[in-house]
Amino acid sequence: MNLPFLGIGRRKIGEARFTAAPEAVAALLSECELLRSQAAEAGVRLDDTAASLEALDQLVPRWRDDAETLPWLGNDAGLYLGTVVVRTVPGAQWEIRPAEPPVVRLASGREIDVVAAGRDWAESGVPELSQLYAEVAED
């Protein structure tokens, strides 16, 4: 995969350090194609707002019957949750570490594993995305 916005610099032989413009990372993580497709089919518009998270929480979870789709949709749901948080909660930003899923770091320093939350939501509906967002927005 060619990701031109990632700069790779050397620290030591065999060790790489990744840097990227925050806007480019946010754009890449906000794609969430599978979730956006499923939402569109259900008539839900994902506009990166808390209201769209509430609409996602109301969807009938037909994806739970598809073992192949479930983890991908959960991943997308987590990335979408993170996108909404980063775009609407002051001081929130993506934290990217090599070989780990991205997390959202709040201004308080608290880190939110949005991918794990998205997977939990896709599998069981708990926690609701809007509920988690409300909790995070208060932090």
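Q: Where does P127 lie, and what makes that place a loop between two helices?
A: P127 lies in the loop between α5 and α6. Helices here are DSSP runs of H or I with at least four residues, and strands are runs of E with at least two, numbered from the N terminus. The helices on either side are α5 (114–124) and α6 (129–138). A cis peptide bond joins V126 and P127, with omega at about -5 degrees.

Q: What should I know about the model before reading on?
A: This is a predicted model, in which local features need pLDDT of at least 70 and side-chain atom pairs count only at pLDDT 80 or more, while totals for chains, interfaces and linings use all residues. Residues are numbered from 1 along each chain as its sequence is written, and side-chain values use heavy atoms, with hydrogens and water left out.

Q: How many helices and strands does the protein chain have, and what is their pattern?
A: There are 6 helices and 5 strands. Along the sequence they follow the pattern β-β-α-α-α-α-β-β-β-α-α.

Q: Why is N75 called buried?
A: Buried means under 20% relative accessible area, exposed means over 50%, and partly exposed lies in between (1.4 Å probe, protein chains only). N75 has a relative accessible area of 19%, so N75 counts as buried. This residue is found in helix α4.

Q: Which residues is N75 in contact with, leaving aside its neighbours within four places in sequence?
A: Those residues are V115 and R119. Contact means that heavy atoms come within 4.5 Å.

Q: What makes a set of residues a nonpolar core, and which members touch the most others here?
A: A nonpolar core is a set of buried Ala, Val, Leu, Ile, Met, Phe, Trp, Tyr and Cys residues joined through side-chain atoms within 4.5 Å. The largest one has 36 residues, and L56, L81, V85, W94 and V104 touch the most other members. The elements giving two or more residues to this core are α1, α2, α3, α4, α5 and α6, with α4 giving the most, 9 residues. In soluble globular proteins, nonpolar side chains tend to be buried together.

Q: Why are the buried residues of α1 said to line one face of the helix?
A: The buried residues of α1 are V25, A26 and L29. Seen down the axis, they fall within an arc of 100 degrees, so they line one face (the arc is that of the directions from the helix axis to the C-beta atoms). They pack against α4 and β3 (93–95).

Q: How do you know that α6 has a buried face, and what covers its buried residues?
A: The buried residues of α6 are L129, S130, L132, Y133 and V136. They fall within an arc of 160 degrees seen down the axis, so they line one face of the helix. Their cover includes α3, α4, β5 (111–112) and α5.

Q: What makes a space a cavity, and how many of 30 Å³ or more are found?
A: On a 1 Å grid over the protein atoms alone, a cavity is a set of points where a 1.4 Å probe fits but cannot get out; lining residues have an atom within 4 Å of a point. The whole structure holds 1 cavity of 30 Å³ or more.

Q: Which residues line the largest cavity, and which element gives the most?
A: The lining is L81, V85, V104, I112, V114, L132, Y133 and V136. α6 gives the most, with 3 residues.

Definitions and conventions: 1 Å grid on protein atoms, 1.4 Å probe; cavity = no way out; pocket = protein on both sides within 12 Å on 5 of 7 lines; lining within 4 Å. Points joined across faces, edges and corners; volume = space filled by probe spheres on them.
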